[in-house]
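The sequence and the structure are shown first.

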Protein chains: 2
Amino acid sequence: MTEKKTRVHNFGAGPAVLPETVLEQARDELLAYGRTGMSVLEMSHRSAAFGEIITGAEADLRRLAGLSDDYAVMFIQGGASMQFAMVPMNLRGEGRSADYVLSGIWSKKALKEAQTLGAARVAGTTEGERFVRVPGKAEIDFDQQAAYLHFTSNNTIYGTQWRSEPEPPAGVPLICDASSDILSRPLDVAKYGLIYAGAQKNLGPAGVVVVVMRRDLLERTPAKLPLMLSYKQMAESRSLYNTPPTFAVYVIGLVLKWLLALGGLAEIARRNEEKAKRLYDAIDGSGGFYRGHALPEHRSLMNVTFRIASEDLEKEFVKNAEAAGLSGLKGHRSVGGLRASIYNALPPAAIDDLVAFMADFQRRKG
Amino acid sequence: MTEKKTRVHNFGAGPAVLPETVLEQARDELLAYGRTGMSVLEMSHRSAAFGEIITGAEADLRRLAGLSDDYAVMFIQGGASMQFAMVPMNLRGEGRSADYVLSGIWSKKALKEAQTLGAARVAGTTEGERFVRVPGKAEIDFDQQAAYLHFTSNNTIYGTQWRSEPEPPAGVPLICDASSDILSRPLDVAKYGLIYAGAQKNLGPAGVVVVVMRRDLLERTPAKLPLMLSYKQMAESRSLYNTPPTFAVYVIGLVLKWLLALGGLAEIARRNEEKAKRLYDAIDGSGGFYRGHALPEHRSLMNVTFRIASEDLEKEFVKNAEAAGLSGLKGHRSVGGLRASIYNALPPAAIDDLVAFMADFQRRKG
């Protein structure tokens, strides 16, 4: 295949690498899906074929994540940023306040949207330490009356990740932005009231968010809410109130099938740990040439952030890496340095190549 | 190409047929776009390559529609249904009322969303005639103080279309849901305050809406609005406030290039008129076997609705047509009968085949 030779290793933070077999299948079916005689891009969302695609994606997600029927699954447009607004609009309730744990820019943005329309407070933050770690559970000051507690499970910009969930008081649902580590490891969904994840890191292409929500919380949706912003409407219509982003849902379905075939969440977690360990070992074993950004016990298995002594060397690293077919290694502008996003779909061979490149770069410049 | 043989003629109302050359290009680039070494599905929305895609799509839209810089162009998620809410949230203003002209179910839905959050009134409707025509300009009772006037330029379900725009009083911006006839004919944009169109009929795949908005109206956006619902935010960030639906924007870009290569809006209008005329001629020339649903002078060039004497025959028509490779001809459940959606991308050969099938069906059953 000529395509294989021309493909780079994509370490971008999102939209991010997809499994090559998923792309090949999407390509092969692009003009005619199954026996429909049309592309998924052209297919009615009310057709039997698309019905199978969307119910199949939901069923595969339920199987992978072990979701009971107590949870609704929704495919919603607008990205995680729209969820920053939909969560308080649906779940906070009149006159109540919501709690937010801050572990990076994205949780701050979620808080800000919640404060646009009502009361929300900071229950814990590590901003004073420039988010090099996530707050400890004992550092969180819970509001016992909060409508919910919101946190961000993985912080793409800083390369930090929660090892286990914060534990809000009884009756305070836990809400999680899991955009950058959804389905990267087994998850005890029963701890959560709602989990949302923009697809473009671990699930599929940009343009759709997967929302998993405990059904009893659907009753909180207020009556006077535009229908497109209502979880209740979306859940009742099974994401088909209006035309969903059909092609994005289809690609998610292919990714979920790829994950199942691989062995599910336990196996992907094993692979992710192995991939991350090799990269962190390369950083830690560089004698200080490469320095990790996040505190070691808070390191993310999805986004590996690190630095070199000078910004000039970092620029040269990014440029040389790009030339070597290692793409997207520049850190986020707010933190600087380097970042390797190593989501589920990034093949282990990409880690091999990056580690070899890092060693070679150090030999030449160290 | 084996794909060509297996493709059907897609008369579905949306998501709808795309130009085959567009699909072929998307397929050929699916694993590696240009020299990026990655799929558009995997590409950062902040990358240079995607920057060219989205600014190129905007530039081509401006060229096709003759948009001056007085108008902002936005790519927004959530479908037209989200616009039903965003239009009043951004443009109505505190304590004011908006006018809606009803010409079908979609304009009624737009009205209903506007009424969820404030005042909106019916300025004209043909619901009493089951929407077989659009309201006459003289039948519209304008509120001189309305925040805006909203109408739906083409009504997919009934197969009706406005020949020219309603003319609201001076100072009342005209807002149009043009989802099902955008870029099907030349448009005098200067008459409009805002035009929105879900992509999945004439522009591209589902999952993105194109919004064209007179910039002075951006000042109406209230301060306390979630950022994802703010036209002002979307316009200022050039649709890149958060991750846009990148692949959908890319396909729109390909469709716009296809339209430009074809000769632009004057040429596509000529083709659309020719296609529609042949189909309406077949209906009108059937001696009453086929009967058009919409009043002739209100007929849509995009959705041709018609009936046969019995529902059993209609069912048989749909079934036999499907078997003959003519897909999606069943009418909307609220109207019944038959509907051929003949958007820009439907090739003239599809009309040939449908007209021949109709004549044959009549010979066998008439």
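## Fold of chain A

In this predicted model, residues 24 or more positions apart account for 68% of those contacts in chain A that have a separation of 6 or more. The chain is built from 10 helices and 14 strands, and 55% of its 366 residues count as buried.

The radius of gyration of chain A is 21 Å, which agrees with the value near 21 Å that a compact globule of 366 residues would have. Along the principal axes, the C-alpha trace of chain A spans about 65 × 55 × 30 Å.

## Contact between chains A and B

Across the interface, 55 residues of chain A are in contact with 55 residues of chain B. On the chain B side, at least two residues each come from helix H1 (2–6), helix H2 (20–28), helix H4 (79–91), helix H5 (105–117) and helix H7 (246–262). Sorted by class, this side of chain B comprises 27 nonpolar, 21 polar and 7 charged residues.

## A sheet in chain B and its helix

Three strands of chain B form an open sheet in the order S11-S12-S14, with antiparallel pairing. Strand S11 (291–292) and strand S14 (338–341) of chain B are the edge strands, each pairing on one side only. Between S11(B) and strand S12 (residues 303–307) of chain B, which run antiparallel, there are 2 bridges, and Arg291(B) stands opposite Arg307(B) in S12(B).

Helix H8 (residues 264–284) of chain B lies across S11, S12 and S14 of that chain, and runs at about 5° to S12(B).

Key. Residues are numbered from 1 along each chain as its sequence is written. Chains are lettered from A and ligands numbered from 1 in the order in which they are written. This is a predicted model: local features need pLDDT of at least 70, side-chain atom pairs count only at pLDDT 80 or more; totals for chains, interfaces and linings use all residues. Helices (H or I, at least four residues) and strands (E, at least two) are DSSP runs, numbered from the N terminus. The radius of gyration is taken over C-alpha atoms; the globule rule is 2.2 Å times the number of residues to the power 0.38. A residue is buried if 20 or more other C-beta atoms lie within 10 Å of its own, exposed if 12 or fewer, and partly exposed in between; C-beta atoms are placed from the backbone. Two residues are in contact if their C-beta atoms, placed from the backbone, lie within 7 Å. Ala, Val, Leu, Ile, Met, Phe, Trp, Tyr, Cys and Pro count as nonpolar, Asp, Glu, Lys and Arg as charged, and the others, Gly among them, as polar. Two strands pair if DSSP finds at least two bridges between them. Axes are lines fitted to C-alpha atoms, for helices over the stretch in contact, and angles run from 0 to 180 degrees between N-to-C directions.
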